[in-house]
Amino acid sequence: MKQIKRVITGGAIAALVTASALAAPATGASASPGQSVTDLASGVTATQLAQQLTGSGISISNATYTGDPHAAGSFSGLGATGIPAGIALSSGSVSNNGDHVSSILGPNTSDGISTEWDTPGDPDLNALIAPDTTNDAAVLQFDFVPTASSVSFKYVFGSDEYNEFINSFNDVFGFFINGVNCGTVGNPPQPVTIDDINGSVNPSLYRNNDPSDPGQPSIDTQLDGLTTVLTCVSAVQPNVINHVKLAVADAQDTAVDTSVLLQAGSFTTAVGPTAGGCAPFSDVNGTNPFCPEIATTSAQGVVRGFPDGSFHPGATVSRQAIASFLYNLAHRDEAASCSSAPFSDVAKTNPFCPQISGLVKAHVLSGYSDGSFHPSAGVSRQAMASFLYRLINPGKAVPSCTKAAFTDVPASNEFCGAIQWLVSKGIADGYDNHTFQPESIVSRQAAAAFLYRAGFVH
Ligand SMILES: [Ca+2]
Ligand SMILES: [Ca+2]
Ligand SMILES: [Ca+2]
């Protein structure tokens, strides 16, 4: 049996765990009755896994898999986990084969099931748990075309790192939709990891199944701990190609397996009040039609809520808040500083001063002729068009219109060209009566939708 060494460096405690403590049962392990796994080494393909995950409203293409072929597969009979059937990815083996014991099939025979593939980690997962890095990554990715502007899917995250290696081996997974991880929990959003869901952190989302802590495991799976069924909800670009990447890996070393179970047919465009799962802020949930856009732009770090965990979705978005959101959208965080008051009503101590100053220097925002900025004033739809045009087209003059863009936006409107551009890029629509309502004030939830769609324009 391979010797497993774990040395935790950089802390006061150096733990060395040997094979005896992490002993896996002898070869030839058999699964609990009714449970089975077919891994990629047994003939199932990456495309079949992607198809099995996908439900209504989504078509897929270009599925690829990176990792050991025993580390991903299709399973059934795991109803005890909350996911009866679907696809699994693991930093160990999903199937019983040779010396490798399945990281997911019951019963729970070991406190530390471990397969070491010595395959690479994943850079996107590394970024989630930096400065730690990952190994033994299992990564499934594919392109998809959704028929609607949001998608969701259901999953359970589980591991044999529970409970003894919480806060030391932070195995991680990510569901990156167009590069944004929607496998998150809490506000501000944290990636779903060993450290972010366990008996002490987000305990209502955690199910303990550890053989030695406190005793008899009651859930018929090898996983020593697992989450409740979680739902990922993300905004997407309808009717064009989007990309999803599902990845799980070991943190720091290659030992002690972590897995994710994804429910068959659950990756769908069916997002709504009954689909649940979308709850990025205390006052934003699945009943809000903008919930996917708010959740996704929040996960991107573009929009921010309030310290009490609320978002105030229906409130007017202020000029200073939109400055912050636009700044975040352009990834300008690193340059934000404020050495002097840029406007008579924006002090150096205004928390938005750096973003306002930066965007004024970049000619995205401007103040009023009397030297003021009106930071708390609302933002109209036409002003939003102008801000976004100038942010995305730096140095370019806003084009003029040759004819009216809408019945209420004549060619003479100074914002006409920016509004025409905004609509042509799919960032905003007019109304059914051929109006744009250019002077309507934008709510914070509508701003999130504008910013989400603007993120795809280059
Ligand atoms: Ca491993
Ligand atoms: Ca176990
Ligand atoms: Ca691990």
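Analyst: Let's start with Asn-239, which sits in the loop between strand 13 and strand 14 (242-251). Helices (H or I, at least four residues) and strands (E, at least two) are DSSP runs, numbered from the N terminus. This is a predicted model, in which local features need pLDDT of at least 70 and side-chain atom pairs count only at pLDDT 80 or more, while totals for chains, interfaces and linings use all residues. Residues are numbered from 1 along each chain as its sequence is written, and chains are lettered from A and ligands numbered from 1 in the order in which they are written.

User: Is Asn-239 buried or exposed, and why?

Analyst: The idea is to count neighbours: a residue is buried if 20 or more other C-beta atoms (placed from the backbone) lie within 10 Å of its own, exposed if 12 or fewer, and partly exposed in between. Asn-239 counts as exposed because it has 11 C-beta neighbours inside 10 Å. Its phi is positive, about 65°, although Asn-239 is not a glycine.

User: Where is Gln-252, and what is its phi?

Analyst: Gln-252 lies in the loop between strand 14 and strand 15. Gln-252 is not a glycine either, and has a positive phi of about 70°. Gln-252 is buried, because 20 other C-beta atoms lie within 10 Å.

User: Which peptide bonds are cis?

Analyst: Look at omega. A cis bond joins Ala-130 and Pro-131, with omega about 5°; Pro-131 is in the loop between helix 2 (123-129) and strand 5. The bond from Tyr-162 to Asn-163 is cis as well, with omega near -15°, and Asn-163 belongs to the loop between strand 6 and strand 7.

User: How many helices and strands does the protein chain have?

Analyst: The protein chain has eight helices and 15 strands. Of its 458 residues, 52% are buried. Its C-alpha atoms fill a box of roughly 80 × 50 × 35 Å along the principal axes.

User: Which strands form an open sheet?

Analyst: Strands of a sheet pair through backbone hydrogen bonds, either parallel or antiparallel. Two strands count as paired if DSSP finds at least two bridges between them. Here, five strands form an open sheet in the order 2-5-14-7-8, with antiparallel pairing. At the edges are strand 2 (58-66) and strand 8 (180-181), each pairing on one side only. Helix 1 (residues 46-53) packs on this sheet, touching strand 2 and strand 5 (134-146), and its direction makes about 135° with that of strand 2. Touching here means contact: C-beta atoms, placed from the backbone, within 7 Å. Strand 7 (residues 172-177) and strand 8 run antiparallel and are joined by two bridges, and Ile-177 faces Val-180 in strand 8.

User: Which strands pair with strand 15?

Analyst: Strand 4 pairs with strand 15 in the antiparallel sense over five bridges, and Ser-90 stands opposite Ser-259. Strand 6 (residues 150-159) is also joined to strand 15 by five bridges, running antiparallel, with Phe-157 opposite Val-260. All six residues of strand 15 are buried: Thr-258, Val-260 and Leu-262 on one side, Ser-259, Leu-261 and Gln-263 on the other. Strand 4 (residues 85-90) also pairs with strand 3, antiparallel over five bridges.

User: How do helix 3 and helix 8 cross?

Analyst: Axes are lines fitted to C-alpha atoms, for helices over the stretch in contact, and angles run from 0 to 180 degrees between N-to-C directions. The axes of helix 3 (residues 291-299) and helix 8 (residues 444-454) come within 8 Å and cross at roughly 65°. Glu-293, Ile-294, Thr-296 and Thr-297 in helix 3 meet Gln-445, Ala-448, Ala-449, Leu-451 and Tyr-452 in helix 8.

User: Why is helix 8 described as largely enclosed?

Analyst: Eleven of its eleven residues are buried, so helix 8 is largely enclosed by the rest of the structure. The cover includes strand 13 (230-235), helix 3, helix 4 (319-329) and helix 6 (381-392).

Methods:
Two residues are in contact if their C-beta atoms, placed from the backbone, lie within 7 Å.
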